[in-house]
Amino acid sequence: MDQQETGPRRFCMIACDILFREVCRLAAEAPNIIDLEFVRKGLHDLPTDDMQADLQRRIDTADPNVYDAVLLGYARCNDGTVGLRARDIPLILPRAHDCITLFLGSRQRYRQYHDAHPGTYFRTSGWIERNFADGDGTIMKGLGLNKTFDEYVAKYGRENAEYIAQFLDSWKRNYDRLAFIDTGVAGQLGYSEHTRREADERGWTFDQVPGDLSLLAGLMAGQWDNSDFVVVPPGWRITARNDELVLDSTQPVDPDEDAAG
């Protein structure tokens with residue numbers, strides 16, 4: 001039966017808070033009921049196993065008597081979603097390497113932009129508002145990245161402190177362009193101009209790129225085309241692919257062991 005006959009479905013969506021504004025807007029407009037749970041961006045900075053464990057715990061709490069599926073507002077994210085298991089209801093996520101695909105609308109568009117401008121670092125409203133947001137600082141503390149330069153000097157000596165500072169800043173050498181993805185949210189806050197000023201300060205080229213939220217909208221609408229989404233049946237797990245599809249789902253070889261895990 002079509003959705004008009006059965007009524008809206010109810011989904012639990014677990015999403016990175018980098019997507020906060022976009023996901024909230026889309027959830028309000030979705031043809032289904034979406035209960036949202038946001039996870040702070042700092043989860044990406046944890047070791048992969050810790051990120052997986054945190055997301056799996058959240059997935060496992062979704063009540064199968066309430067929800068028709070669990071949606072993930074994540075991508076492959078440095079394999080942070082690989083290995084996650086669906087329990088009693090399906091688990092769905094986009095086929096994407098990272099969240100930039102979710103902001104640009106497709107893997108193809110992201111690849112085209114990257115091929116034309118390989119040294120691009122991206123900004124969105126969420127990246128400006130929530131990047132490195134870490135509550136009590138425990139994640140950055142665990143990584144040893146919460147100290148000032150003077151504190152590094154006191155602990156390791158000036159020469160070592162300078163090396164640490166250069167290492168932490170070395171990622172910038174791979175970029176020469178800063179692009180703001182305009183997804184149509186928070187326009188009144190001037191984040192595009194904020195990004196332009198940052199690009200000028202770094203001596204990088206600035207670009208403003210129109211966003212496309214159709215992939216996220218399709219996720220919430222339940223329009224899970226196989227080319228864009230992985231649908232993980234109950235008892236199956238997310239696996240990685242080394243091709244254009246990025247991710248897949250696989251039935252565990254030992255179901256009893258998987259259920260115990």
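## Salt bridges and cores in a predicted model

The structure holds 18 salt bridges, each a side-chain nitrogen of Lys or Arg within 4 Å of a carboxyl oxygen of Asp or Glu. This is a predicted model, in which local features need pLDDT of at least 70 and side-chain atom pairs count only at pLDDT 80 or more, while totals for chains, interfaces and linings use all residues. Residues are numbered from 1 along each chain as its sequence is written, and side-chain values use heavy atoms, leaving out hydrogens and water.

| Pair | Distance |
|---|---|
| Arg130 and Asp17 | 3.7 Å |
| Arg25 and Glu29 | 3.8 Å |
| Asp60 and Arg87 | 2.8 Å |

Arg25 and Glu29 lie 4 residues apart in helix H2, so about one helical turn separates them. Helices (H or I, at least four residues) and strands (E, at least two) are DSSP runs, numbered from the N terminus. Asp17 counts as buried because its relative accessibility is 8%, whereas Arg130, at 23%, is partly exposed. Glu29 is exposed at 53%. The cut-offs are under 20% relative accessible area for buried and over 50% for exposed, with partly exposed in between (1.4 Å probe, protein chains only).

The largest nonpolar core has 57 residues, and Met13, Leu91 and Met220 have the most contacts inside it. Strand E1 (residues 10–16) gives the most to this core, with 6 residues. Such a core is a set of buried Ala, Val, Leu, Ile, Met, Phe, Trp, Tyr and Cys residues joined through side-chain atoms within 4.5 Å.
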